[in-house]
Amino acid sequence: MNRFITAIAIVTTLSIVQGCTQLAQVKEEPTMTTTTHSNVAHAEETNHSHPATHTTNHGEHGDDHADTSTSTQAKLTTTGVITPNTPTTFQIEVRDQDGNAIAQFDQFQEQIMHLIAVSDDLQIFQHLHPTYNGNGRFEVETQFPQSGNYTLFSDYQPTGQAEQVSVLKTQVAGNNLPAAELNWSRTKTFNETIVGFAPNQATIRAGQEVVLRFNLQDATSYQPITDLQPYLGEKGHLVILRQSSELTRENYIHAHAVHNTPANQVHFATRFPQPGRYKLWGQFNRDGEIITADFWVEVVP
Ligand SMILES: [Cu+2]
């Protein structure tokens, strides 16, 4: 039972806007546009394995690593067949384009790697922080509650380089489940917290700046919560994925919280690159308890 399965290497090349402050302010939207679109282009390009052809356009003379674009590759390895509700160890190995291990990483948002794991139907979401074992090797243990295909977005920053996102695939054995019905409601309760979700526009159009507002109330008192704490250095985190038969890097958005909002509200400024259905997971820290609040939005052309 020691055979290795599910080893998929995907080259990524992109530069994500590094500072939360850059994404956090609506007025800086030109930055966001550029970033989003260049990410898409790079993801497509690298998926066709021409990793070396497009690394020179960004910031090669600059000292600002946020603008530097480089390629890395990540490989995911697991041992044995993964079954539902069974703890499994995932190993992720990060290498450079020549296949050499990348050893040095910088922390960002308080971690050395952020790993977002979702089922391809977007019903399951996990935000994990793998342990770094040195020499480019990361490890994390998790379990998934249902069978199906899963996609893992591995977010890390080699020292002196731009933030990278590698897309990894895995599979949990078992029978296919019927498609879950999508829940479009705008107010949901997560344990002790009622979360209201309100975009600042009734109709969200692809390519347009939008502010996604989360309003948090205590489920017992119905009062605005007063115990919101920073989570990974920010007021909240928002991961967005576009529903797609094959999840890719271009379906993935990580938005940063806007500063200076009311104590019980977390706002995110972002932009949806394409029309479609998107799922959002807002994550907030209520005095040590992390709330993950998920909503669907439809984005029109
Ligand atoms: Cu994280």
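Student: Great. What kind of model is it?
Tutor: It is a predicted model, so please read everything here as computed from predicted coordinates.

Student: How many helices and strands does the protein chain have?
Tutor: The secondary structure comes to 2 helices and 20 strands.

Student: And what share of the residues is buried?
Tutor: Of the 301 residues in the protein chain, 33% are buried.

Student: What about contacts between residues 24 or more positions apart?
Tutor: Counting contacts in the chain with a separation of 6 or more, 67% are between residues 24 or more positions apart.

Student: Let's switch to the open sheet. In what order do its strands come?
Tutor: The order is β11-β12-β14-β18, 4 strands with antiparallel pairing. At the edges sit β11 (187-190) and β18 (265-271), each pairing on one side only. From one strand to the next, the twist averages 25°.

Student: What holds strands of a sheet together, in general?
Tutor: Backbone hydrogen bonds pair them, in either a parallel or an antiparallel way.

Student: How many bridges join β11 to β12?
Tutor: There are 4 bridges between β11 and β12 (residues 193-199), and these strands run antiparallel.

Student: Now asparagine 215. Where is it?
Tutor: Asparagine 215 is in strand β14, which covers residues 209-218.

Student: Why does asparagine 215 count as partly exposed?
Tutor: Because asparagine 215 has 18 C-beta neighbours inside 10 Å, while a residue needs 20 or more to be buried and 12 or fewer to be exposed.

Student: Which residues is it in contact with, leaving aside neighbours within four places in sequence?
Tutor: Asparagine 215 is in contact with Gly196, Ala198, Asn264 and Gln265. Another one to look at is valine 266: 51 residues away in sequence from asparagine 215, with 6.7 Å between their C-alpha atoms.

Student: Last topic, the largest nonpolar core. Which members touch the most others?
Tutor: Those are Ile92, Leu152, Leu238, Ile240, Leu241 and Phe268, in a core of 51 residues. Strand β5 (residues 113-119) gives the most to this core, with 5 residues.

Student: Which domains does this core draw on?
Tutor: At least three residues come from each of domain 1 (4-172) and domain 2 (187-300).

Student: And what does leucine 152 touch?
Tutor: Beyond residues up to four places away in sequence, leucine 152 touches Leu76, Leu115, Ala117, Leu168 and Thr170.

Notes:
Residues numbered from 1 in each chain as written. Predicted model: local features only at pLDDT ≥ 70, side-chain atom pairs only at ≥ 80, totals over all residues. Contact = placed C-beta atoms within 7 Å. Pairing = 2+ DSSP bridges. Axes fitted to C-alpha atoms, helices over the stretch in contact; angles between N-to-C directions. Core = buried A, V, L, I, M, F, W, Y, C linked by C-beta atoms within 7 Å. Domains from an automatic or database assignment.
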